[in-house]
Amino acid sequence: MNLSRTADLWWKNAVVYCLDVETFADGNGDGCGDFRGLIQHIDHLDRLGVTCLWLMPFYPSPDRDDGYDITDFYGVDPRLGTPGDVVELVRTARDRGMRVIADLVVNHTSAEHPWFVDARSSRDSPKRDWYVWADERPADAAEGVVFPDQETSRWEYDRRTKQYYLHQFYSHQPDLNVANPEVRDEIARIMGYWMELGLSGFRVDAVPFLLQTDRRQDTVALPDPHDYLADLSAFLRRRNGEAVLLGEVNLPYPDTMPFFGARDGGGACDELTMCFDFIGMQQMYLSLARADAEPLADALRQRPDPPEDGHWATFVRNHDELTLDKLTDSQRAEVFAAFGPDEDMQVYGRGLRRRLPTMLGGDERRVRMVYSLLFSLPGTPVMYYGEEIGMAENLALEGRFAVRTPMQWTPEPHGGFSTADPSTFPGPVVEGEYGPAHVNVRDQVRDPGSLLAWFRLLVDCYRACPELAWGTYTVLDPGPDARPVLAHRCDADGATVVALHNLADDDVEAVPVLPELAGTVLTDVLDPTAEPVRVGKDGSAAVALGPYGCRWLRTG
């Protein structure tokens with residue numbers, strides 16, 4: 001790939017950082033995180049090397065689903081700030097070379113949203129068709145329930161109008177009807193509003209559900225859902241040519257690819273700019289559980305190339321449960337046994353509600369190796385707040401809230417999150433060996449051997465190796481005695497990076513074969529003092545890796 005032709009595609013080598021304003025930092029002392037607190041800590045993200053902030057929902061909400069139940073798509077929750085604060089954040093971030101994107105949650109609204117209050121007031125309401133209704137509960141109403149511990153059906157009876165309404169998630173989150181052109185126009189207006197305030201795009205929530213127009217129960221001719229997504233993308237780029245849509249599409253690779261678009265055959269995205277690589281993430285955990293790189297290697301071999309201006313988004317965990325739903329039952333049982341053997345560590349029988357350090361038993365060698373893997377894999381790395389210091393979960397909290405605890409800034413009892421009474425916090429700060437006294441930003445900033453320092457090194461090296469973001473990648477055979485090693489190479493403009501990661505607690509010698517690099521000397525990017533590796537005349541390169549060792553080797 002010619003790097004000069006793609007230099008304007010900023011998302012190709014971005015470092016994305018996801019945070020919830022509510023749990024990040026309290027700037028006014030009322031116990032709740034807010035935009036003022038986030039702005040006060042923006043330099044932490046700048047020093048870390050973040051280039052794109054992804055904000056979880058900050059809109060007005062009854063907060064029955066951590067802000068994903070929205071009552072005003074054009075507002076800001078007054079606990080968090082004002083639209084002016086959003087503008088100030090965007091300005092402050094841009095001063096430091098960061099863009100800001102936000103969650104676009106338009107599959108559903110809160111049941112308290114004025115649209116739905118109007119819609120359920122009468123069958124003749126002008127907003128009635130903004131939602132999806134049925135006279136009878138569909139026969140498949142119980143299939144595909146997302147939260148089986150709290151819901152038994154995807155359809156809820158409305159006593160006032162004597163019809164059922166669709167809710168793919170909670171019953172207090174009725175689904176919008178995107179088959180209605182008025183709804184589609186309103187979604188575009190929402191996007192346009194926030195882009196006028198400076199956002200550079202959106203992370204689109206629950207994309208397959210959003211586009212599921214076949215849930216209508218009548219015979220109206222419906223638009224092609226991908227045509228609609230393409231229209232949204234075109235609208236976005238007319239407003240801002242550098243804007244992105246990052247899609248939550250948890251489907252097998254063949255079913256995910258259509259969401260990129262590129263239907264004109266020209267290789268350009270005309271729908272989503274990036275899609276999360278859920279398959280690769282799940283196979284990574286299976287590989288970690290087995291100390292065998294093959295599941296992840298096989299996923300990378302099968303992963304289709306995105307369109308030329310698109311990208312996969314790679315991650316270790318996100319704000320939801322760590323879903324393992326695309327593994328087989330036996331594979332999922334292996335990961336549960338390794339990383340979440342207790343029932344309260346699991347959720348819905350399909351995922352884990354833990355963070356990486358506790359899953360790996362606090363073994364920092366292994367934690368560092370996993371994040372090295374994240375930044376070397378082909379794709380755009382996405383971090384979740386607190387990962388850079390090794391925060392843990394709080395299993396005493398319900399469901400996914402276990403991994404949504406307040407950020408730990410200082411060693412004080414409440415982690416420097418707020419000066420208010422902790423009873424006013426959005427949730428309790430983690431206690432014990434992973435509490436602020438042991439895990440916090442202030443101490444790690446001063447420690448060159450800290451996990452935070454390792455993250456900074458990884459980001460610096462990632463930015464210094466454009467091959468990782470822009471190049472073509474190839475999964476390598478690590479050699480007959482190196483099954484725990486994931487070996488891959490990335491090539492761009494005549495330069496090559498070879499990355500090797502040992503997933504086992506044993507010394508391993510990997511011997512990848514690199515015939516085009518015969519006679520070349522490879523230097524270590526992560527540790528320039530390490531002994532260089534010379535590729536033999538036969539193209540083989542012997543690389544010793546210690547337990548959970550990792551090396552990025554580069555030509556030139």
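Predicted model: local features only at pLDDT ≥ 70, side-chain atom pairs only at ≥ 80, totals over all residues.
Local features here need pLDDT of at least 70, side-chain atom pairs count only at pLDDT 80 or more, and totals for chains, interfaces and linings use all residues. Residues are numbered from 1 along each chain as its sequence is written, and side-chain values use heavy atoms, with hydrogens and water left out.

Let's start with strand β14 (residues 380-384). Helices (H or I, at least four residues) and strands (E, at least two) are DSSP runs, numbered from the N terminus. Here 5 of the 5 residues are buried, so β14 is largely enclosed by the rest of the structure; buried means under 20% relative accessible area with a 1.4 Å probe, protein chains only. T380, V382 and Y384 sit on one side of β14 and P381 and M383 on the other. Two strands pair if DSSP finds at least two bridges between them. Strand β1 (residues 16-19) pairs with β14 in the parallel sense over 3 bridges, and Y17 has M383 as its bridge partner. β10 also runs parallel to β14, again joined by 3 bridges, with A313 partnered by T380.

An open sheet elsewhere has 3 strands in the order β4-β6-β5, with antiparallel pairing. β4 (133-134) and β5 (155-158) are at the edges with a single partner strand each, so one side of each has no neighbour in the sheet. β5 pairs with β6 (residues 163-166) over 4 bridges, and W155 stands opposite L166.

Now for a helix. α8 (residues 225-239) reaches 22 Å from its first C-alpha to its last, close to the 21 Å expected for its 15 residues; the expected span is 1.5 Å times one less than the number of residues. Its buried residues include Y228, L229 and L232. Among the elements covering the buried residues of α8 are α6 (181-196) and β7 (201-204), going by contact, meaning heavy atoms within 4.5 Å.

Grid points are joined across faces, edges and corners, and a volume is the space filled by probe spheres set on the points. There are 4 cavities of 30 Å³ or more. The largest holds about 100 Å³ and is lined by 14 residues, with G280, M281, T314, F315 and L377 nearest its centre.

How values were computed. 1 Å grid on protein atoms, 1.4 Å probe; cavity = no way out; pocket = protein on both sides within 12 Å on 5 of 7 lines; lining within 4 Å. Buried < 20%, exposed > 50% of the residue type's maximum accessible area, 1.4 Å probe, protein only.
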